[in-house]
Amino acid sequence: MKVKVGNYANRLTCNIHTRFMDYKYGIVDWPDETLWSHEDYVFQAIEDGIQSVYNIFNWIWFDRRTQKVKVRIDKWDTWSMDSTLAPIILPMLKQLKETKHGAPYVYPVDVPTKLRPTKKELLEYTKNGETDPKWFDRWDYILDEMIWAFEQKCRDDWMTDFDYNKWDREGANAHQERMSQGFALFGKYYENLWD
């Protein structure tokens, strides 16, 4: 197997107004638009004018470019596709966990009881999108379970943890069940694996 994935196509963007407002008010403390000063509107107009010119170049050149992806699959890659993909997925999951900037909604049934939100916290989220203090901990738990499962799949020696003379059927079943649960979480939250 050989996979080459290029960078995403970029666009020209003008951020004069955004940078000015961040500098003047702070990144999260912009006032309501009705409270902006004349200077704030001037920078917005300048940014809009420059961006309209940029959009012409974006339409002519940048928007027509796509991310380049080249994939070659050999016959042996599909003999044990789960083992072929695991060493690719594992470092990507680890990097996502280290560099993530947010967290998606995690279903309470997928995490231990101590990480679940209260009914009041769920109601607050449903009404106005307020997240609870354990919001990011739940996503970390899900990522940790996925990472653990793929680490086990990448190990060549995981079966040596079990002594065949003293076969621990319950231990082996619990180990396999946790791996399967990690892979199920990977499938369930697949579309949330972005940063």
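**Asp40 and the protein around it**

Biologist: Why is Asp40 called buried in this predicted model?
Modeller: Its relative accessible area is 0%. Buried means under 20%. The value for Asp40 falls under that cut-off, so Asp40 is buried.

Biologist: What makes His17 a contact of Asp40?
Modeller: Contact means heavy atoms within 4.5 Å. His17 meets that rule with Asp40. Phe20, Met21, Lys24 and Tyr25 are in contact with Asp40 too, leaving aside neighbours within four places in sequence.

Biologist: Where in the fold is Asp40 found?
Modeller: Asp40 is in helix H2, which covers residues 38-60. The protein has six helices and two strands. Along the sequence they follow the pattern β-α-α-β-α-α-α-α.

Biologist: How many of the 195 residues are buried, as a percentage?
Modeller: Buried residues make up 24%. Asp40 is one of the buried residues.

Biologist: What part of the contacts joins residues 24 or more positions apart?
Modeller: Such pairs account for 72% of the contacts with a separation of 6 or more.

Biologist: What makes up the accessible surface?
Modeller: The surface comes to about 14,600 Å². Carbon and sulfur atoms hold 56% of that.

How values were computed. Residues numbered from 1 in each chain as written. Predicted model: local features only at pLDDT ≥ 70, side-chain atom pairs only at ≥ 80, totals over all residues. Heavy atoms only, no water. Helix = DSSP H or I, 4+ residues; strand = E, 2+ residues; numbered from the N terminus. Buried < 20%, exposed > 50% of the residue type's maximum accessible area, 1.4 Å probe, protein only. Areas by Shrake-Rupley, 256 points an atom, 1.4 Å probe, with all protein chains shown as cover.
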